Amino acid sequence: MKIFTSAQIKELDKYTIENEPISSLNLMERAAQTMVRSIIELWSTTTPIVVFAGPGNNGGDALAIARMMADQGYQVIVYLFNISGHLSPDCAANKKLLEENKRIKLFVEVTQEFDPPVLDEQTLVIDGLFGSGLNKPLAGGFASLVKYINASPSKVISIDMPSGLMAEDNTYNVRANIIRANLTLTLQQPKLSFFFAENQQFIGQLRVLDIRISQEGIQKTEAPYTIIEENDIRHCLLPRDPFAHKGQMGHALLIAGSYCMAGAAILAAQACLRSGAGKLTINSPRRNISILQQAIPEAIIQTGSEETIFAESVDTEDYSAMGIGPGLGQSEQTAIALIAQLRRTQCPIVADADTLNILGNHRAWLQQLPKGIILTPHPKEFDRMEGHCADSYERLTKACNLAERLQGIVILKGRYTAICMADGHVMFNPTGNAGMATAGSGDVLTGIITALLARGYQRKEACMVGVYLHGLAGDLAANDLGEESLLASDIIRYLPQAFKRLKD
């Protein structure tokens, strides 16, 4: 699914109007009917409704909804804010229709002074002040109104966007002046800002409603952001030749685990083997040999000269892919061996955990990373490499820039993990849950992607399939075990079910 910018959304509306064809007013009517159906599902006619409408098309949507809710038997009070004395044409048309409707309990057009209504816990507020076209923080009277609504005990539905929230960049927004909705009814496609953790407090429950925007227009419009869908993953899956042997399924190398951190190596290795790699070699310090051989009898164990740390790079000529970093440690000796390893490795690389922490401490080394490298940072690891980020939008922008500089891939982990490609395209992953916020979850992802690379997946497809499978296995585990009790090892145990679901 594509995620469009606010400018593209406006153009798609225009394309639909011209090519369906349909008038802009009738398209607004269609959108309002779709939203009314969702509201009626959740609130009965005994619920008093207060509608706050702005002067633009978002306000026009709100006025149309108010009229339709009144026709359904709801008690509706409407406030239309026309401070500048100018309404959009469709908002003005819906104002006229509303004035002609005898079922509206009260309609007030606010041009100067505003005496706010009492908003109690029984009242449902419909927020139609500003939509996706907003490009600056709310101030003055609108900011005061937002604060008044947020301070009330009323439930709030926002139309398309919570008023005050911008569709993309909210870095310099005033967060106190953004509606905190209980439910956001967004039209046709989710907006980019919905994918950022700090904005969830404003969105509440999200419903994406199909208002039949032109599919031809959607297909023709290139989007910088997309959401991975299950069918995308199904089409990426490589078949397994019935006559295949382990030598054809790829030989993965994991450089992981320092003394007392063997668990990270074990999780990455088990995930790697569960994800289809034909052979796996684990390079880990000597003191980890016994525990690794007992925990993962299927793996080959390789050690260097040091007892407790990774201290010397290894030849990777015989390997199909390499994962490096889980539990590696950050000693200076390890750091020197790490950069030597990254420079000499010719096969695809997945760099995670302490690899990223070391790079954060030696930022100049980022220039020496091989083309095509895959970095998998969580937000703090990323900020150590690229500097503090004020919010998720800035972090995503920097991640895209880093992917372009490295000509590699940056997988920015989170609720909606973002795969940032070198060409600027970003793919958000929809699978996964809060139960996966647990130690070792990232090590499992490293093992999965390393295995897929070893199996023969191209880098982009390995990342897409890897993050989707990782989240899907976590969802299947949480469904059976609950989020609170989820362990990283549970994600590994549910990988077979995740693969089976995709292949079936």
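## Basis

The model is predicted, with local features needing pLDDT of at least 70 and side-chain atom pairs counting only at pLDDT 80 or more, while totals for chains, interfaces and linings use all residues. Residues are numbered from 1 along each chain as its sequence is written, and side-chain values use heavy atoms, with hydrogens and water left out.

## Gln8

Gln8 belongs to helix 1 (residues 6-19), helices being DSSP runs of H or I with at least four residues and strands runs of E with at least two, numbered from the N terminus. Gln8 is buried at a relative accessible area of 18% (buried means under 20%, exposed over 50%, with a 1.4 Å probe and protein chains only).

A polar atom of the Gln8 side chain lies 3.0 Å from the backbone nitrogen of Thr5. Beyond neighbours within four places in sequence, Gln8 is in contact (heavy atoms within 4.5 Å) with Thr221, Glu222, Ala223 and Pro224.

## Helix 5

The buried residues of helix 5 are Phe142, Ala143, Leu145, Val146 and Ile149. They lie on the same side of helix 5, because they cover an arc of only 160° around the axis, taken from the directions from the helix axis to the C-beta atoms.

Their cover includes strand 2 (49-53), strand 3 (76-81), strand 5 (124-128) and strand 6 (155-159), whereas the face turned away from the buried side carries the exposed residues Gly140, Gly141 and Ala151.

Key. Polar contact = N/O pair within 3.5 Å; in protein donor to acceptor, adjacent residues only side chain to side chain.
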